[in-house]
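Subject: Handover of a structural model

Dear colleague,

Please find below the structure that I am passing on to you.

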Amino acid sequence: MTAETSQTLDRGLRVLKLLADTDHGLTVTELSNKLGVNRTVVYRLLATLEQHALVRRDLGGRARVGLGVLRLGRQVHPLVREAALPALRALAEDIGATAHLTLVDGTEALAVAVVEPTWTDYHVAYRAGFRHPLDRGAAGRAILTARQPVEADAPGYTLTHGELEAGASGAAAPLIGVTGVEGSVGVVMLADSVPERVGPRVVDAAREVADALR
């Protein structure tokens, strides 16, 4: 700890991280041992976090992450969207296809930002808020691929055709190296196949978005 940091805030954030990493909650004693502080300090931390609905305790006394964390999480989407828009606009204009940023939301892929090209006669209508299973569509499949060990000869992007909309093809690349954010950047177009240059261009856009979020 330095003179510019708050020890109490640091401990509170560590409590939240510890609780987020467990499915069954933690007792005061377990938190005390993991934090290396006495039980009185843990009680005070939990009481403060409970007041803000960031922590809840069950009848057995085990502390768990509270619903207040979900409310905070919802505010992340607008921040991520704003950071991603410049790269998405450039991608959409360059490729002439609808570009999107998709994040994981539970077991689904959620489009949180969409940019349509301005110069094309037609393009795929793809709206922010659109959800689909992670194992369908380029956006979700790219995310699932990133969860696996990276193969040396892997192209870094995923291509699909007709999985979410008949006649539409998609290309997407995962966001790499962004702590706390799991998602992908991609394009969707009305075509039987994705042109060769699109995959690498999507990878570049995903890298730009990742850099903006770090």
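Overall description

Please bear in mind throughout that this is a predicted model. The protein comprises 7 helices and 8 strands. Along the principal axes, its C-alpha atoms fill a box of roughly 65 × 35 × 35 Å. Of its 214 residues, 40% count as buried. Among the contacts with a separation of 6 or more, 49% are between residues 24 or more positions apart.

The nonpolar cores

The largest nonpolar core holds 31 residues, and the members that touch the most others are Leu88, Leu91, Leu101, Leu175, Val185, Val187 and Val198. At least two residues of this core come from each of helix H5 (76-95), strand E3 (98-105), strand E4 (108-115), strand E7 (168-174), strand E8 (183-190) and helix H7 (198-213). Another core lies apart from it; this one has 16 residues, including Val28, Leu35, Val37 and Val42.

What does leucine 88 contact once its neighbours within four places in sequence are left aside? Its partners are then Ala99, His100, Leu101, Ala113, Val115 and Val185. Two of these partners, Leu101 and Val185, are also listed among the core members with the most contacts to other members.

Helices H5 and H7

The axes of H5 and H7 are 9 Å apart, and the two helices pack at an angle of about 160 degrees. Because this angle is over 145 degrees, H5 counts as roughly antiparallel to H7. The crossing in which H5 passes H7 is right-handed. On the H5 side, the contact is made by Val80, Ala83, Ala84, Ala87, Ala90, Leu91, Asp94 and Ile95. On the H7 side, Val198, Arg201, Val202, Ala205, Glu208, Val209, Ala212 and Leu213 take part. By class, there are 13 nonpolar and 3 charged residues in this contact, and no polar ones.

Proline 86 also lies in helix H5. With a relative accessibility of 51%, proline 86 counts as exposed, since the cut-off for that class is over 50%. Between proline 86 and valine 69 there are 17 residues of sequence separation, and their C-alpha atoms are 28 Å apart in space.

Helix H3 and its two partners

Helix H3 (residues 39-51) packs with helix H2 (residues 28-35) at an angle of about 110 degrees, with the axes 9 Å apart. That angle makes H2 roughly perpendicular to H3, because the range for this class is 65 to 115 degrees. H2 contributes Val28, Thr29, Leu31, Ser32 and Leu35 to the contact, while H3 contributes Arg39, Val42, Tyr43, Leu45 and Leu46. The residues in the contact of H2 with H3 are 7 nonpolar, 2 polar and 1 charged.

The axes of H1 and H3 come within 10 Å and cross at roughly 75 degrees.

Single residues

Glycine 25 is found in the loop between helix H1 (7-20) and H2. Is glycine 25 buried or exposed? With a relative accessible area of 2%, glycine 25 is buried. Glycine 25 and alanine 63 are 38 residues apart in sequence, yet 5.2 Å apart in space from C-alpha to C-alpha. Neighbours within four places aside, glycine 25 is in contact with Glu30, Arg62, Ala63 and Arg64.

Alanine 53 lies in the loop between H3 and strand E1 (55-57). Its phi is near 60 degrees, a positive value in a residue other than glycine. At 26% relative accessibility, alanine 53 counts as partly exposed.

Threonine 158 belongs to strand E6 (residues 158-161). Its relative accessibility of 14% places threonine 158 among the buried residues. Leaving aside neighbours within four places in sequence, the contacts of threonine 158 are Ala138, Arg141, Ala142, Thr145, Gly170, Ala171 and Ala172.

With kind regards

Key: Residues are numbered from 1 along each chain as its sequence is written. This is a predicted model: local features need pLDDT of at least 70, side-chain atom pairs count only at pLDDT 80 or more; totals for chains, interfaces and linings use all residues. Side-chain values use heavy atoms; hydrogens and water are left out. A nonpolar core is a set of buried Ala, Val, Leu, Ile, Met, Phe, Trp, Tyr and Cys residues joined through side-chain atoms within 4.5 Å. Buried means under 20% relative accessible area, exposed over 50%, partly exposed in between (1.4 Å probe, protein chains only). Helices (H or I, at least four residues) and strands (E, at least two) are DSSP runs, numbered from the N terminus. Contact means heavy atoms within 4.5 Å. Axes are lines fitted to C-alpha atoms, for helices over the stretch in contact, and angles run from 0 to 180 degrees between N-to-C directions. Angles under 35 degrees count as roughly parallel, over 145 as roughly antiparallel, 65 to 115 as roughly perpendicular and the rest as oblique. A crossing is left-handed if the near helix is turned anticlockwise from the far one by less than a right angle, and right-handed if clockwise. Ala, Val, Leu, Ile, Met, Phe, Trp, Tyr, Cys and Pro count as nonpolar, Asp, Glu, Lys and Arg as charged, and the others, Gly among them, as polar.
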